[in-house]
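Subject: Handing over the structure

Hi there,

Here is the structure I promised to pass on to you. Have a look at it first, and then read on for my notes.

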Protein chains: 2
Amino acid sequence: MRERMIKIRLIAALLSATALPATAFADTLVHNVNGIQASKDGKIERFTAFVISDDGRIVAILQAGEAHPRTDYAIDMQGAVVMPGLIDAHGHVMGLGLAALQLDLTGTSSIAELQQRVKAYADANPGLRWIQGRGWNQEMFAEGRLPTAADIDAVVSDRPVWLGRVDGHAAVGNTLAMELAGVTAATEDPDGGSLIRDAAGNPTGVFIDTAEGYVTRVIPRTQPLLLDKALGEAQRFLLSEGITAVADMGTSNEDWHTMRRAGDAGRLQLRIMSYANSIETLTNVAGTGPTPWLYDGKLRMGGIKLYSDGALGSRGALLKQPYEDAPDTVGLPVTDELAIKNRASRAAIDNFQVAIHAIGDLANEQVIATFEELGDAYEGERRWRIEHVQILDPADLPRIAEAGIIASMQPVHQTSDWQMAEKRLGEERLGAAYAWNSIDQSGALLAFGSDFPVEHPNPFVGLKVAISREDANGNPQGGWIAEEKVDLGTALAAFTIGAAYAGFAEDQFGRLEPGLYADFIVIDRDPTAVSPTMLAETDVLETWIGGKRVYRAAD
Amino acid sequence: MRERMIKIRLIAALLSATALPATAFADTLVHNVNGIQASKDGKIERFTAFVISDDGRIVAILQAGEAHPRTDYAIDMQGAVVMPGLIDAHGHVMGLGLAALQLDLTGTSSIAELQQRVKAYADANPGLRWIQGRGWNQEMFAEGRLPTAADIDAVVSDRPVWLGRVDGHAAVGNTLAMELAGVTAATEDPDGGSLIRDAAGNPTGVFIDTAEGYVTRVIPRTQPLLLDKALGEAQRFLLSEGITAVADMGTSNEDWHTMRRAGDAGRLQLRIMSYANSIETLTNVAGTGPTPWLYDGKLRMGGIKLYSDGALGSRGALLKQPYEDAPDTVGLPVTDELAIKNRASRAAIDNFQVAIHAIGDLANEQVIATFEELGDAYEGERRWRIEHVQILDPADLPRIAEAGIIASMQPVHQTSDWQMAEKRLGEERLGAAYAWNSIDQSGALLAFGSDFPVEHPNPFVGLKVAISREDANGNPQGGWIAEEKVDLGTALAAFTIGAAYAGFAEDQFGRLEPGLYADFIVIDRDPTAVSPTMLAETDVLETWIGGKRVYRAAD
């Protein structure tokens with residue numbers, strides 16, 4: 001059929017010889033914008049117009065004073081502030097969507113309030129076989145203690161109840177949930193997890209890290225209809241927050257199928273950089289190497305997410321020295337070091353990217369050492385990632401940049417955690433805690449995210465926290481460990497080009513420049529011209545992906 | 001962006017006003033063909049030319065004497081015989097590919113030869129951790145008995161060996177394989193399966209139906225590289241046989257991912273109508289209803305494959321009366337009747353198609369009853385399928401058409417099985433055995449296939465057997481139960497439009513008519529003008545899918 005191709009070229013030549021304007025087919029000029037974006041090294045750049053091709057990519061970006069090309073279409077933005085779509089480098093897409101469909105317990109200030117909310121939700125949803133919720137944090141409870149099965153039994157005892165802590169690293173069930181799971185005083189703590197027990201040794205109902213599996217494995221599988229709804233919810237939510245792309249950290253087989261259903265049906269708008277939740281999922285789905293970009297740059301499985309330790313709140317983070325407020329423990333390794341190395345190596349053999357969760361200073365050191373070792377074994381640009389990098393031994397900090405590791409961090413965790421972190425570690429071990437600026441200055445790449453649904457995905461709150469280290473109430477005034485603030489350009493880079501680079505996506509999106517997709521947002525203020533507090537309150541007016549508007553606040 | 005669409009229409013109008021020929025863009029005329037195809041009701045139709053559009057679909061089909069439209073391109077077939085691509089309504093795509101990569105034991109005529117072949121293969125593949133093969137049939141063995149673990153140990157004892165019977169319903173392992181599986185004299189027969197035991201009660205090494213799971217679950221998972229290779233092998237093999245589409249009966253999660261990898265990479269040429277191997281796979285993959293056609297009509301998961309009973313050869317087929325040659329058994333239900341009903345119902349709720357394997361007369365009656373019941377419960381055109389329909393109680397035969405059930409049958413099974421079937425059933429119970437003509441005459445739709453890799457996929461052998469009921473040696477002369485032969489038009493319909501209709505694909509392929517994909521083959525003889533023996537020897541010269549040539553014998 002070689003002739004056919006030649007003929008098509010002839011037709012194209014013929015077409016270009018017609019009376020059409022002498023520009024490309026159906027380009028669109030977006031002009032009169034107050035455009036702001038960050039370069040990879042954290043400089044703020046300005047632009048006033050750009051041109052989008054019919055396939056949704058940027059053709060040209062123009063600075064003030066540059067002549068506009070002739071295009072078929074033009075959109076006058078009337079001076080609105082335009083930025084590249086923000087990218088969340090660490091989130092849980094299906095978790096966000098399912099949480100939106102479950103009982104939301106964030107902000108619960110007492111066990112009494114938790115009881116009230118559980119009862120109201122159970123009464124409102126008589127058809128649910130399991131009552132599931134998420135978002136409690138005992139640090140915020142007036143009672144100053146963990147909830148128990150008995151607390152929940154007091155309001156719901158005829159259906160199993162399962163409520164996740166805000167960080168996902170602990171959960172509490174009622175007695176019926178424990179019975180269905182077969183958990184008794186005789187149940188042993190699993191590797192990488194534990195049951196909270198009372199003085200008599202009986203489980204209280206709180207399950208830490210891998211122990212959650214005792215209950216979660218008896219919860220009926222989420223039906224695909226609900227998964228489809230959850231993805232839709234997550235997508236709508238993120239687009240309305242100005243997020244156009246995310247790294248999905250721990251995509252399961254079911255999650256992947258859900259994403260593909262959306263893609264196949266033309267319902268996938270958000271861009272998802274997927275990291276599989278296991279070697280099995282990774283190799284089943286992607287086979288012998290990362291998938292191609294699917295659905296016009298909307299979906300790609302490029303690597304794996306592994307866990308080194310748990311979280312600080314539940315004292316699962318693995319520390320070099322015992323917890324200040326629990327001197328009998330140094331935390332729990334979720335996966336032992338050798339298993340992490342084997343899995344990371346299995347992924348790297350086939351050119352998959354490796355992202356490892358590490359919170360405590362010992363976990364971070366072990367993961368750095370793992371990547372140093374893998375870096376010797378595997379050639380090419382691997383872009384190893386550590387997720388969270390919360391507590392570092394200052395002595396280990398320079399090794400991150402040296403090993404070419406990307407620091408994937410979530411600014412808002414700092415404002416959620418700082419008081420708890422002081423209790424867990426004491427002041428002496430905070431020398432490289434949530435150390436964004438030191439890591440940036442050391443030469444490592446920062447990629448910022450929110451860890452949604454653990455935190456709210458609002459990236460403007462993330463940007464505000466990144467430059468202020470003050471929480472929503474302005475505490476602590478002047479910022480916690482203020483020298484670890486970064487400037488706005490650095491924060492914006494970490495939420496755009498840095499996050500894209502961290503997902504091998506910088507040739508697809510992350511900036512408005514020729515060849516990349518036209519993913520941008522229209523916002524109600526200029527981030528460079530407002531206070532941090534005002535920055536956090538930025539409203540997203542419109543969100544565009546691939547040159548198409550997918551969200552408008554007025555809708 | 002409404003303006004953009006208007007402008008595009010203007011450009012199209014402009015284009016059509018240029019000096020191009022006044023026909024559609026890049027149509028191709030295929031002319032000077034001796035074209036043959038079957039109508040849905042089994043009539044042979046002739047054509048001499050057809051027009052393919054640039055998107056690979058048929059635009060026009062022309063009979064002798066009709067004027068040819070003007071097109072940009074033309075292909076002169078110089079009088080060659082052209083038919084629609086043949087469709088196998090029941091095969092195992094990955095099984096065929098993996099078998100091509102494993103030890104092929106088909107045609108082994110003695111246990112001594114089996115030993116020799118196993119040893120040669122093991123010696124030739126020192127890197128394989130497990131020696132796996134398939135295709136033996138004790139009915140063909142000079143020794144007249146089943147192979148045993150001891151037989152295999154005599155040639156390979158240092159690596160586990162696992163060899164499937166030709167029909168997949170039995171397998172033999174060596175002692176090491178049994179040890180790795182933890183199988184001993186104390187191991188009980190599972191539901192839906194059994195271990196062959198010696199007089200002392202010790203397992204001999206032969207595992208029937210679900211008992212195979214004892215060993216298969218300890219075989220390391222097939223790596224994705226091998227799965228990708230296997231799909232490529234299967235595809236090449238089938239295209240070279242003139243098969244352009246298949247119903248994949250029992251697609252696993254891993255199989256599906258493999259097919260999608262091929263589709264995503266542009267390597268998928270064969271059209272696959274996928275039936276999931278479980279409710280879990282079905283709902284995980286497809287969610288709340290059949291997937292759309294993916295990759296331009298190449299892949300769709302539309303339903304589920306369930307098993308009612310086993311196979312006749314291994315006496316797993318479920319009979320109304322005991323086996324003639326084993327009066328202590330009526331066979332084994334693989335899945336109990338209630339579980340089948342529940343699963344079929346679960347699939348039907350979400351508009352998935354249900355295909356159920358049934359071989360024995362009791363299994364067939366139970367499945368017919370299940371579909372009668374489901375037909376009352378679920379509206380719309382459901383196209384229930386029974387796979388194999390081998391042994392029917394004549395009293396049940398009319399119920400197939402009455403319940404709107406499609407009979408998915410494999411002609412070649414008849415020639416492989418007839419002597420064995422006479423032994424298993426005796427002559428009295430063969431009144432509706434492999435009863436293609438009676439089923440066709442009753443008004444039920446026939447869909448033909450091969451059950452590859454159980455049988456060779458060659459569809460011309462299938463066509464020959466369908467019209468002759470004689471095996472490769474012409475036995476029995478005149479055909480076994482000769483009144484069950486069908487005519488060539490009926491057989492061809494069952495291998496094309498019937499098989500497409502059975503997969504809800506008649507709007508995509510199965511005939512050469514406007515709107516359907518241009519899937520066709522060029523063969524070396526006219527099936528209507530040769531003897532059955534000559535028909536079986538037809539050579540496929542070229543295979544085209546979606547207007548593209550994907551196989552040429554000369555290559």
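**Strands that pair**

In chain A, strand E20 and strand E21 (residues 540-545) pair in the antiparallel sense over 4 bridges. Two strands count as paired here if DSSP finds at least two bridges between them. Helices (H or I, at least four residues) and strands (E, at least two) are DSSP runs, numbered from the N terminus. Within this pair, Val522(A) has Glu542(A) of E21(A) as its bridge partner.

Before going further, a word on what you are looking at: this is a predicted model, in which local features need pLDDT of at least 70 and side-chain atom pairs count only at pLDDT 80 or more, while totals for chains, interfaces and linings use all residues. Residues are numbered from 1 along each chain as its sequence is written, and chains are lettered from A and ligands numbered from 1 in the order in which they are written.

Back to E20(A), which also has a partner in strand E5 (residues 81-84) of chain A: the two run antiparallel and are joined by 4 bridges. There, Pro84(A) has Phe520(A) as its bridge partner. Which way do the residues of strand E20 (residues 520-523) of chain A point? Phe520(A) and Val522(A) point one way, Ile521(A) and Ile523(A) the other, and all are buried. A residue is called buried if 20 or more other C-beta atoms lie within 10 Å of its own, exposed if 12 or fewer, and partly exposed in between, with C-beta atoms placed from the backbone. In a regular strand the side chains alternate between the two faces of the sheet.

Strand E15 (residues 299-307) of chain A is mostly covered, with 9 of its 9 residues buried. E15(A) pairs in the parallel sense with strand E14 (residues 271-276) of chain A, over 5 bridges, and Ile272(A) stands opposite Leu299(A) in E15(A). E15(A) also pairs with strand E16 (residues 353-358) of chain A, again in the parallel sense and over 5 bridges; here Ile304(A) has Val354(A) of E16(A) as its bridge partner.

**A helix with two sides**

Helix H3 (residues 111-124) of chain A has 14 residues and reaches 20 Å from its first C-alpha to its last, close to the 20 Å expected at 1.5 Å a residue. That expected span is 1.5 Å times one less than the number of residues.

Which residues of H3(A) are buried? They are Ile111(A), Leu114(A), Arg117(A) and Val118(A). These residues lie on the same side of H3(A) because they cover an arc of only 120 degrees around the axis, the arc being that of the directions from the helix axis to the C-beta atoms. An α-helix has 3.6 residues a turn, so residues three or four places apart point the same way. On the other side of H3(A), Ala120(A), Asp123(A) and Ala124(A) are exposed. The cover over the buried residues includes strand E7 (103-104), strand E8 (131-136), helix H4 (149-153) and strand E9 (161-165) of chain A.

**Two domains in chain A**

The domain assignment gives chain A domain 1 (93-216) and domain 2 (223-549); such bounds come from an automatic or database domain assignment. Taken over C-alpha atoms, the centres of the two domains are separated by 26 Å. Their contact takes 22 residues from domain 1 of chain A and 27 residues from domain 2 of chain A. Residues are in contact if their C-beta atoms, placed from the backbone, lie within 7 Å. On the domain 1 side, the elements giving two or more residues are helix H2 (93-101), strand E11 (193-197) and strand E12 (203-209) of chain A. H2(A) supplies the largest share of that side, 9 residues.

**Some single residues to look at**

The peptide bond from Phe452(A) to Pro453(A) is cis, with omega near 5 degrees. Pro453(A) sits in the loop between strand E19 (446-448) and helix H15 (459-468) of chain A. In chain B, the bond from Phe452(B) to Pro453(B) is cis as well, with omega near 5 degrees.

His388(A) has a positive phi of about 95 degrees although it is not a glycine. His388(A) belongs to strand E17 (residues 385-388) of chain A and counts as buried because it has 26 C-beta neighbours inside 10 Å. Most residues other than glycine have a negative phi, and most peptide bonds are trans.

Finally, Glu254(B) lies in helix H8 (residues 253-264) of chain B. Not counting residues up to four places away in sequence, Glu254(B) touches Asn284(A) and Leu227(B).

Enjoy exploring!

Key. Two residues are in contact if their C-beta atoms, placed from the backbone, lie within 7 Å.
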